[in-house]
Amino acid sequence: MKNIYTYGGKPARRNLTVDCLRRNKVAGKKMTQVSAINEDEARACEEIEIDMITVSDVDYDAVRAGAPYTFITSSQTMCQYFEPQECLTAALKAAEKGADAIFTPRGMGIVELIANEGLAVQGHVGLVPRKSTLTGGLKTFGKTAEDAMKLLDWMRRYEDAGAVAVEVECVAVEALQAINHKTSLLTHSIGAGSGGDIIFSFMEDICGDVENPPRHAKAWGDVLSIRKQLAAERDKALTGFRADVQAGTFPDAEHTVSMLPGEEDKLSEALDKWTTLHQ
């Protein structure tokens, strides 16, 4: 556990720092990264000693509450912020709260803008889904030597822009294995085999909580079936409630409280004598 100060100037402790990640890369030590969207998911990751968590910056507070000591990357989406200054402001706010790195899928100018403020920035190469219309659709990259060299060129551009890491998505296994030691960037592999420094997967894929998982996803659980069972049980309960109310069988004596003995007769007498003040 490392003692640090956050970008916002608060003392904190982290399981890893960027320096630790770089040392692990050199040593060939594989690390894990999982997405989280709430406090419970984050707490589970920290308790099981997942190395890193990635989170949308709008969910950062909840996730940090669940994982106070885990290295967290705060992510921005392609269209979440439009102007460069908006991207920088959001990155600074996340870092102020304690984010250890910032992910952006935007251009090199945004990467450089954020990196120039002393923040650890992660980019994205290979399949960038929201740019797929420019790159031939949803496909695997690096299947040829020429294509793999283009990936390395992109990594070099990220290095020049000041990034410290890059997500490598849907890239041929051999390509990442070959180029990983040619870059100083920390590589987060998702659908790119074990050649990356950090193996990343989404929480829902790991837990088996999606109907049609991508090819590269492996499920070690079956949360979706349990979720469907819960939904079915909820529907069963709601149906029973409605039917019993309509039939007049609920609420019944077992689920109500009666007046004390003799009090109902007294109430009836009182009501017979009672007249309203407003006619």
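The second largest pocket has a lining of 24 residues, with Ile-190, Gly-191, Ala-192, His-216 and Ala-217 nearest its centre. Keep in mind that this is a predicted model, where local features need pLDDT of at least 70, side-chain atom pairs count only at pLDDT 80 or more, and totals for chains, interfaces and linings use all residues. Residues are numbered from 1 along each chain as its sequence is written, and side-chain values use heavy atoms, leaving out hydrogens and water.

**The pockets**

- A pocket here is an open set of points on a 1 Å grid over the protein atoms alone, where a 1.4 Å probe fits, with protein on both sides within 12 Å along at least five of seven lines; lining residues have an atom within 4 Å of a point.
- The second largest pocket holds about 540 Å³ of space, a volume being the space filled by probe spheres set on the points, which are joined across faces, edges and corners.
- β3, β9 (186-190) and β10 (198-201) each give at least two residues to that pocket's lining; strands are DSSP runs of E, at least two residues, and helices runs of H or I, at least four, numbered from the N terminus.
- By type, the lining of the second largest pocket splits into 14 nonpolar, 8 polar and 2 charged residues. Nonpolar covers Ala, Val, Leu, Ile, Met, Phe, Trp, Tyr, Cys and Pro, charged covers Asp, Glu, Lys and Arg, and the others, Gly among them, are polar.
- The largest pocket comes in at about 690 Å³, and its 32 lining residues include Ser-75, Phe-103, Glu-167, Phe-200 and Phe-202, which lie nearest its centre.
- Elements giving two or more residues to the lining of the largest pocket include β5 (71-75), β8 (165-169) and α8 (203-206), while β4 has the largest share, 3 residues.
- That lining of the largest pocket is made up of 14 nonpolar, 12 polar and 6 charged residues.

**The barrel**

- Eight strands close up into a barrel in the order β3-β4-β5-β6-β7-β8-β9-β10, with parallel pairing; two strands pair if DSSP finds at least two bridges between them.
- β6 (residues 101-103) and β7 pair in the parallel sense over 2 bridges, and Phe-103 has Gln-122 in β7 as its bridge partner.

**The hairpin**

- β1 (residues 2-5) and β2 pair antiparallel over 4 bridges, with Lys-2 bridged to Arg-14 in β2.
- Between β1 and β2 sit 5 residues, and Gly-9 in the turn of this hairpin has a positive phi of about 90°.
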